[in-house]
Amino acid sequence: APVTDVQFGPMRLRQDQLQVLLVFAEEDDQSSGFRWACEKAGFRCNVARTPQSALECFLDKHHDIIIIDHRHSRYFDAEALCRSIRTTKASENTVIICVVQRHTDREESSILPLISAGFTRRYVENSSRMACYNELIQLEFGQVQAQFKLRACNSLFTALEKSQEAIEITSEDHVIQYVNPAFETMMGYQIGELIEKELTEVPINEKKADFLDTINSCIKIGKEWQGMYYAKKKNGDSIQQNVKILPVIGQGGKIRHYVSISRLCNDNNKVEKTCECIQAESQTDTQTCRHKDMRKGSLDVRSTTSRGSDGISQRRRSSMARVHSMTIEAPITKVINIINAAQESSPMPVAEALDRALEILRTTELYSPQLGTKDEDPHTSDLVGGLMTDGLRRLSGNEYILSAKQTHQVAGSLSSPISLNDIPPRITQAMENEEQWDFDIFELEAATHKRPLVYLGLKIFARFGICEFLNCSESTLRSWLQVIEANYHSSNSYHNSTHSADVLHATAYFLSKERVKQTLDPIDEVAALIAATVHDVDHPGRTNSFLCNAGSELAILYNDTAVLESHHAALAFQLTTRDGKCNIFKNMERNEYRTLRQVIIDMVLATEMTKHFEHVNKFVNSINKPLAALEENGNNGDGESIKTVLRSPENRILIKRMLIKCADISNPCRPREQCIEWAGRISEEYFAQTDEERRQGLPVVMPVFDRNTCSIPKSQLSFIDYFIIDMFDAWDAFADLPNLMEHLNNNIKYWKGLDARNLRVLRPPP
């Protein structure tokens, strides 16, 4: 049998003849092609016709490669077979290939369901013998060889487990990933107490003032460090260790792990040895040593947990040495390293200013502007306090009961909804221009007697082919829209089904923009329209801060975190799935449903305002700026570079979040009369909240919204200035929305005009 030698670090491994299992219900050109390819490549080949025989054959032979036919579901469920194989221990290092049909007449489908089932990769059917042979050869020198090396790691871990020296392996960002039994014995810890914890026990050597710098200066440039230091055991005892710290060079020539090897010093060997710096076999990228060591007065990484019992002094004293070198990839760390390096050669005033900058960078709220640095405007302050915090917690004995025990409308309790073909003429006329931004939602609200969501939803969902995507009937969709609309509170002046319909309209409008269409998949469009429809369902007309302060059942249920948004998302799925009459998801394939559900939830949660600036800043830095740079370099059009920016999974998530955020608070970008109407409605809702807070003795989170004293123009200008302008500038740069920006500028002028006349109302007097 052919044997291949594989080099794995210093190990030389011998790989036996590969074994391939073909699972095809019947012989055809494709299976024949793979059989021929196996023979040509010198691989052993077995063929199974049924899932049962395939599983039995695999458990007997332990094949390196399994190729499963996924083209004809009438024979067997290929994904179920793959999952069955993956439940066996023997499949841990097996490469499983899925053969799928070639479709030339429809859009490329997602590979995620196959990955979830356990397939390694897919092969689009091609019965050409040479294509089959090329696939096997690529697998042999790619995934199969990688899995073969992983199998060899078991022998390495056996050696580590039996070593008498204490060994600790940490990640590049100094999180413990492994300790061996000798380390557990020496330090008195169990491995479960240490894994995924940050390093906090670090070298102490009082006889050398520059001891910590010596260690860092070695390991930071890819060299080993060897010497002695004291460490603290779990029981608090100090022990002296002879330690060797080795940086391990990985992908990109950068340090990816640190290995620490320790031995207890003998009692008669208390004399401190000279610290040694030993050149590592693998040289690190010279980029990693461009910065000097950090100044002792400005420690960049602070311990959050401690193995010892004496806490603060121990941590502060030594937080540098076992934190090794700062080659972490995070951009914020690069910024901090640059600042630290700049401090070394800076005059004292500059160094002190940089120290203050470092203190700001170490906070967790990097994306939230501090009000003190902007206007000391009470309107802005109250809006931010009311929308971007979770309240002051409950300060009275009053409780605000909401929703947890409330009965919600379900499909069976509602009258049969109307068909899209039977919509009354007045409503049809009100929806004629729903594809335009200047569409008047209030005209539709009046025509439908405050039920605009069902009618607008039917029309927009039909335009986007939602029923076809979900494989559900129009009657199911109608029932679902009616159930969702019935669970919006018509008594709310703002957060009612008209607001939901308005956000749905804005979402559909944004989805029709060319740049957005280039970026999102059909499943993203479906998720966005559903998320817009349900994003405020069962909203009580009160803010998260109010609910947290009132100790509401929802606030308790969701731990005072994104209370309403979590409730909207959860209730939407409860209402949808509890009754088959309105379950628009009931005919979806399970994995596709899970993907859709995940996107809907993420988009609804994105409407929560506490992360507003984080979402906007990430969008600007990950999408706006790279696209602008490409355009400045002359890479206009639909080039590969632009496609890479637009289509990466991370950026698509940011785009979907930005889309629904802009749709949710687009009122200032609507035509003037609509903008004024929305401003009046949200103000009334905030006035009602302030009234109730005072009645119940709760903290007043937005005192400026007192119906007797509030200036609506000032509140609108503050909201626009603080939340709207930057966000819509970024969204306009991406999606090209000149009409929205024109409305926004006109509305700003309108509110400024009222404010200049010291008017506090929505409209000037006649």
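Predicted model: local features only at pLDDT ≥ 70, side-chain atom pairs only at ≥ 80, totals over all residues.

**Stop one: the largest pocket**

Residues are numbered from 1 along each chain as its sequence is written, and side-chain values use heavy atoms, with hydrogens and water left out.

What counts as a pocket or a cavity? On a 1 Å grid over the protein atoms alone, a cavity is a set of points where a 1.4 Å probe fits but cannot get out, while a pocket is an open set with protein on both sides within 12 Å along at least five of seven lines; lining residues have an atom within 4 Å of a point.

Now select Ser109, Ser110, Ile111, Pro113 and Glu592, which lie nearest the centre of the largest pocket among its 44 lining residues. The volume of the largest pocket is about 2000 Å³, a volume being the space filled by probe spheres set on the points, with grid points joined across faces, edges and corners. Colour the lining by class and you get 15 nonpolar, 10 polar and 19 charged residues. (Nonpolar means Ala, Val, Leu, Ile, Met, Phe, Trp, Tyr, Cys and Pro; charged means Asp, Glu, Lys and Arg; the others, Gly among them, are polar.)

**Stop two: the largest cavity**

Next, select Leu387, His495, Ile665, Ile682 and Tyr686, the closest to the centre of the largest cavity out of 35 lining residues. That cavity has a volume of about 540 Å³. Its lining has 14 nonpolar, 15 polar and 6 charged residues.

Which helix supplies the largest share of this lining? Select α28: 7 residues come from there.

**Stop three: a helix pair**

Finally, show α17 (residues 474–486) with α20: they pack at about 35 degrees, their axes 10 Å apart. Axes are lines fitted to C-alpha atoms, for helices over the stretch in contact, and angles run from 0 to 180 degrees between N-to-C directions. Pick out Trp480, Leu481 and Ile484 in α17, which meet Ile530, Thr533 and Val534 in α20 (contact means heavy atoms within 4.5 Å). By class, this contact has 5 nonpolar, 1 polar and no charged residues.

Note on methods. Helix = DSSP H or I, 4+ residues; strand = E, 2+ residues; numbered from the N terminus.
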